[in-house]
Amino acid sequence: MLHTRGLDALKRVPPSAVMTVGNFDGVHLGHTRLLERCRELSRDELPIVAVTFEPHPLTRLKPNLAPPRLTPPAIKAAMLEQLGVDILVELPPDPEVLSISAREFFELICRQLRVRHLVEGPDFNFGKGREGNMRNLRAWSEGTGMSVHSIEECTAVLTNMHIVEVRSSIIRWLLAY
């Protein structure tokens, strides 16, 4: 797996890639399902690119609200590689990255990088202020040649028989109690 860092690293992503963007802390079942969908779309022909943030953006934006880390960066990278990621791009939460609007990020991945497939969860938000969402992505991608895919919500049954969405925040909460 090629492991790169920074916005400039995105410019080296080969065209027609399958991409997913997220923090991927914990590399849990939801992340596994995302990457399974990426592999289906790739058909072993297109590179799979995971774009992540290291460290979590809240460590810069609101340090007192930054979540505790579930997975150290090296282990997260190794787990993503095991799940089929060909290129891992880590974006630092610096002012250059954090100031990118949702529309600017879309233009970067669609028009400049010519990503063929973007795969995300149903509640994916991105861009400055988390202003971008799946609805925006679908609208903006019309007629561009880029397909936007959303996996279904991933759930798990707890020992008390409650069904919860699989999320890093839930995992952190469960570990704390």
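Which residues is F124 in contact with, leaving aside its neighbours within four places in sequence? In this predicted model, F124 is in contact with V21, G132, N133, M134 and L137.

**Nonpolar cores**

- The largest nonpolar core comprises 31 residues, and L10, M19 and V89 have the most contacts inside it.
- At least two residues of this core come from each of α1 (7-10), β2 (18-21), β3 (48-53), β4 (87-91), α6 (102-112) and α7 (134-141).
- The element that gives the most to this core is α6, with six residues.
- Another core, of 17 residues, lies apart from the largest one and includes L46, A50, A77 and V119.
- M19 has contacts with L10, V49, V51, I109, L113, V115, H117, L118 and V119, when its neighbours within four places in sequence are left aside.
- As a general matter, nonpolar side chains in soluble globular proteins tend to be buried together.

**Helices α6 and α7**

- Within α6, the residues A102, F105, F106, L108, I109 and C110 are buried.
- These buried residues of α6 pack against α1, β2, β5, β6, β7 and α7.
- In α7, the buried residues are M134, N136, L137, W140 and S141.

**The largest pocket**

- The largest pocket holds about 1,300 Å³ of space.
- Its lining consists of 43 residues, and those nearest its centre are G22, N23, F124, N125 and R130.
- By class, this lining has 20 nonpolar, 13 polar and 10 charged residues.
- The elements α2 (29-42), α3 (58-61), α5 (95-98), β6 and α8 (168-176) each contribute at least two residues to the lining of the largest pocket.

**The largest cavity**

- One cavity of 30 Å³ or more is found when the whole structure is searched.
- The space in the largest cavity is about 30 Å³.
- The residues that line the largest cavity are L2, T4, A9, R12, V13 and I87.
- Four of the lining residues of the largest cavity are nonpolar, one is polar and one is charged.

**F124 and E120**

- F124 is located in the loop between β5 and β6.
- With a relative accessible area of 11%, F124 falls under the 20% limit and therefore counts as buried.
- The C-alpha atoms of F124 and F106 are separated by 13 Å, and the two residues are 18 residues apart along the chain.
- E120 belongs to strand β5.
- The relative accessible area of E120 is 2%, so E120 is buried.
- E120 touches T20, V21, L34, M134, H149, S150 and I151, residues up to four places away in sequence not being counted.
- Between the C-alpha atoms of E120 and E165, which are 45 residues apart along the chain, the separation is 15 Å.

**Backbone features**

- In general, most residues other than glycine have a negative phi, and most peptide bonds are trans.
- E54 and P55 are joined by a cis peptide bond, with omega of about -5°.
- P55 is placed in the loop between β3 and α3.
- V27, a residue other than glycine, has a positive phi near 35°.
- V27 is situated in the loop between β2 and α2, and its relative accessibility of 7% means that V27 counts as buried.
- R114, also a residue other than glycine, has a positive phi near 55°.
- R114 is partly exposed, because its relative accessible area is 48%.

Definitions and conventions
Residues numbered from 1 in each chain as written. Predicted model: local features only at pLDDT ≥ 70, side-chain atom pairs only at ≥ 80, totals over all residues. Heavy atoms only, no water. Core = buried A, V, L, I, M, F, W, Y, C linked by side-chain atoms within 4.5 Å. Buried < 20%, exposed > 50% of the residue type's maximum accessible area, 1.4 Å probe, protein only. Helix = DSSP H or I, 4+ residues; strand = E, 2+ residues; numbered from the N terminus. Contact = heavy atoms within 4.5 Å. 1 Å grid on protein atoms, 1.4 Å probe; cavity = no way out; pocket = protein on both sides within 12 Å on 5 of 7 lines; lining within 4 Å. Points joined across faces, edges and corners; volume = space filled by probe spheres on them. Nonpolar A, V, L, I, M, F, W, Y, C, P; charged D, E, K, R; others polar.
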